[in-house]
Amino acid sequence: MREIDGMRRAVAERAAALVQPGMKVGLGTGRTAALVVRAIAARTKEIVGVATSEATAALARELGVPLASLDEVRRLDLCIDGADEFDPALDLIKGLGGALLREKLVAEAAERFVVIVDEQKRVARLGEKAPLPVEVVPFGVTHTREKLAALGLAPTLRTDGTQPVRTDGGNVILDCRWTTSIDARTLAAQVKATTGVVEHGFFLGMADTVLVGTPSGVEELRRPR
Ligand code: 5RP
């Protein structure tokens, strides 16, 4: 556990070093992204951050990092965020922290999307370890779940033990697993086309760089342009 903390800290420091004063920066969500926000705050507060969740916004405010909304900023120089899985093509699954919708909006607005992970997130194929989080509107969730099941998925409503977990947008999440082999792009299109679905956690062809924390240091993977 301590080793993972060290790996997360190392990638967070490496990512924060990419941030220059004057930049507009997307601030991700999760344990690793929180370390980046802290590392950025320690380096410079002369940035404008766009938070991908209420939790990240609260942390940034506490640390004195100036924030703006995505609509105020429009384009970002950089977005730094964690992920739940990455494959050899640097395709990702995100959203176990429930912030996938804002995370995708912010990452799409950035010139460069840098992903920070520990090596336990490395998979040969997406879905190997993590479920695919799918954010859906609460209205008719049982119907939406049946439609996703008809695509070959096994969706489970995410709860905190008793109640459905609500996202910052007031929606709920269906965590989807599958047992047959899938093509992520085909499945992503099918899920997105399902009425009731707001967004899914496939981030395909989006990451420019993945910084991987390993016991021997930070490995930098770049997507060919
Ligand atoms: C939140 C996310 C996170 O980036 C992802 O869950 C990784 O978090 P952590 O660094 O805590 O493992 O997608 O929606």
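Visitor: Is Asp 91 buried or exposed?
Guide: This is a predicted model, so treat what follows as computed from it. The cut-off for buried is under 20% relative accessible area. Asp 91 has a relative accessible area of 5%, so this residue counts as buried.

Visitor: Which side chain meets that of Asp 91 in a salt bridge?
Guide: The rule asks for a side-chain nitrogen of Lys or Arg within 4 Å of a carboxyl oxygen. For Asp 91, the N to O distance is 3.1 Å, and the partner is Arg 185.

Visitor: How many residues apart are Arg 185 and Asp 91?
Guide: Arg 185 belongs to helix α7, which covers residues 184–192. Asp 91 sits in the loop between β4 (85–86) and β5 (92–93). The pair therefore links distant parts of the chain, and the separation is 94 residues.

Visitor: Which residue forms a salt bridge with Asp 208?
Guide: The closest N and O atoms of this pair are 3.5 Å apart, and the cut-off is within 4 Å. That makes the partner of Asp 208 in the salt bridge Arg 223.

Visitor: How many residues apart in sequence are the parts that Asp 208 and Arg 223 tie together?
Guide: Asp 208 is found in the loop between β11 (202–203) and β12 (209–214). Arg 223 is in the segment after β13 (217–222). So the parts this pair ties together are apart in sequence by 15 residues.

Visitor: What is the distance between the closest N and O atoms of Arg 222 and Glu 220?
Guide: Arg 222 counts as exposed, at 58% relative accessibility. Glu 220 counts as partly exposed, at 35%. The two form a salt bridge, and the closest N and O atoms are apart by 2.9 Å.

Visitor: How many salt bridges does the count come to?
Guide: Besides the pairs above, there's a network of salt bridges that links Asp 5, Arg 8 and Asp 118. By the rule used here, the count comes to 15 salt bridges.

Visitor: How many aromatic pairs does a search of the whole structure find?
Guide: Ring centres must lie within 6.5 Å for a pair to count. With that rule, the search of the whole structure gives two.

Visitor: What angle lies between the planes of Phe 113 and Phe 203?
Guide: Under 30 degrees would be stacked and over 60 edge-to-face. Phe 113 and Phe 203 are 6.4 Å centre to centre, and the pair is tilted, with a plane angle of 40°.

Visitor: Which strand holds Phe 203?
Guide: The pair links distant parts of the chain, 90 residues apart. Phe 113 is in strand β6 (residues 113–118), whereas Phe 203 is in strand β11.

Visitor: What is the relative accessible area of Phe 203?
Guide: Phe 113 is buried, at 1%. Phe 203 is also buried, and its relative accessible area is 0%.

Visitor: What is the centre to centre distance of Trp 178 and Phe 202?
Guide: This aromatic pair is tilted, with 45° between the planes. Centre to centre, Trp 178 and Phe 202 are at 6.1 Å.

Visitor: How far is Lys 104 from the ring centre of Phe 203?
Guide: The charged end of Lys 94 sits over the ring of Phe 203, 5.6 Å from its centre. Lys 104 lies over the face of Phe 203, and its distance from the ring centre is 4.9 Å.

Visitor: How far does a polar side-chain atom of Lys 94 lie from an oxygen atom of the ligand?
Guide: In all, 17 residues surround the ligand, with Arg 31 among the closest. An N or O atom in the Arg 31 side chain is 2.7 Å from a ligand oxygen. For Lys 94, the distance from a polar side-chain atom to an oxygen atom of the ligand is 2.9 Å.

Technical notes: Residues are numbered from 1 along each chain as its sequence is written. This is a predicted model: local features need pLDDT of at least 70, side-chain atom pairs count only at pLDDT 80 or more; totals for chains, interfaces and linings use all residues. Side-chain values use heavy atoms; hydrogens and water are left out. Helices (H or I, at least four residues) and strands (E, at least two) are DSSP runs, numbered from the N terminus. Buried means under 20% relative accessible area, exposed over 50%, partly exposed in between (1.4 Å probe, protein chains only). Rings of Phe, Tyr and Trp (its six-membered ring) pair if their centres lie within 6.5 Å; planes under 30 degrees apart count as stacked, over 60 as edge-to-face and the rest as tilted. A charge sits over a ring if NZ of Lys or CZ of Arg is within 6 Å of the ring centre and within 35 degrees of the ring normal. A residue is near a molecule or strand if one of its heavy atoms lies within 4 Å of it. A polar contact is a pair of N or O atoms within 3.5 Å; within protein, one must be able to donate a hydrogen and the other to accept it, and residues adjacent in sequence count only if both atoms are side-chain atoms.
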